[in-house]
Amino acid sequence: MLPAASMLEEADGLVLVCALALDSAAYDSPDDDGEVLGEVTRMCSRLLVEARKAIRVADDLLAEL
């Protein structure tokens, strides 16, 4: 697999994890005064930064082709 494709797969996986985590926190924990959702939001923010980095690396790799 090309490095760019690998980086895009990584980014896609991180985005999927965030979507599932936010969905779960929003619907499964309505009685915790937003604590779980807040924690998940912070985690997802960090994961999305990593996904963005992976996309940038993939873009740079593809530009070199």
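User: Where does Leu65 lie relative to α2?
Analyst: Leu65 lies in the segment after α2 (35-63). Helices here are DSSP runs of H or I with at least four residues, strands are E runs with at least two, and both are numbered from the N terminus.

User: What kind of model is this, and how are residues numbered?
Analyst: This is a predicted model, where local features need pLDDT of at least 70, side-chain atom pairs count only at pLDDT 80 or more, and totals for chains, interfaces and linings use all residues. Residues are numbered from 1 along each chain as its sequence is written, and side-chain values use heavy atoms, with hydrogens and water left out.

User: Back to Leu65. Buried or exposed?
Analyst: Leu65 is exposed, at 76% relative accessible area. The classes are buried under 20%, exposed over 50% and partly exposed in between, using a 1.4 Å probe and protein chains only.

User: Which residues form the nonpolar patch on the surface?
Analyst: Leu8, Ile55, Leu62 and Leu65 form that patch. Together they have about 410 Å² of accessible area.

User: How are patches and areas defined?
Analyst: Patch residues have over 30% relative accessible area and no salt bridge; nonpolar side chains (Val, Leu, Ile, Met, Phe, Trp, Tyr) are joined within 5 Å, like charges within 9 Å. Areas come from the Shrake-Rupley method with a 1.4 Å probe, and for residues only the protein chains shown count as cover.

User: Now the inside. Which residues make up the largest nonpolar core?
Analyst: That core has five residues: Cys18, Ala21, Ala25, Val40 and Cys44. A core is a set of buried Ala, Val, Leu, Ile, Met, Phe, Trp, Tyr and Cys residues joined through side-chain atoms within 4.5 Å.

User: Which helix supplies the largest share of this core?
Analyst: The largest share of this core, three residues, comes from α1. Both α1 (3-28) and α2 supply at least two residues of it.

User: What is Ala25 in contact with?
Analyst: Leaving aside neighbours within four places in sequence, Ala25 is in contact with Val36, Leu37 and Val40. Contact means heavy atoms within 4.5 Å.

User: New topic. How many salt bridges?
Analyst: Two. A salt bridge is a side-chain nitrogen of Lys or Arg within 4 Å of a carboxyl oxygen of Asp or Glu. Arg42 and Glu39 meet in one, at 3.0 Å from N to O. Lys53 and Glu50 form a salt bridge with the closest N and O atoms 3.4 Å apart.

User: Last one: where is Arg46, and is it buried or exposed?
Analyst: Arg46 sits in helix α2. Arg46 is exposed, at 51% relative accessibility. Its C-alpha is 9.8 Å from that of Cys18, 28 residues apart along the chain.
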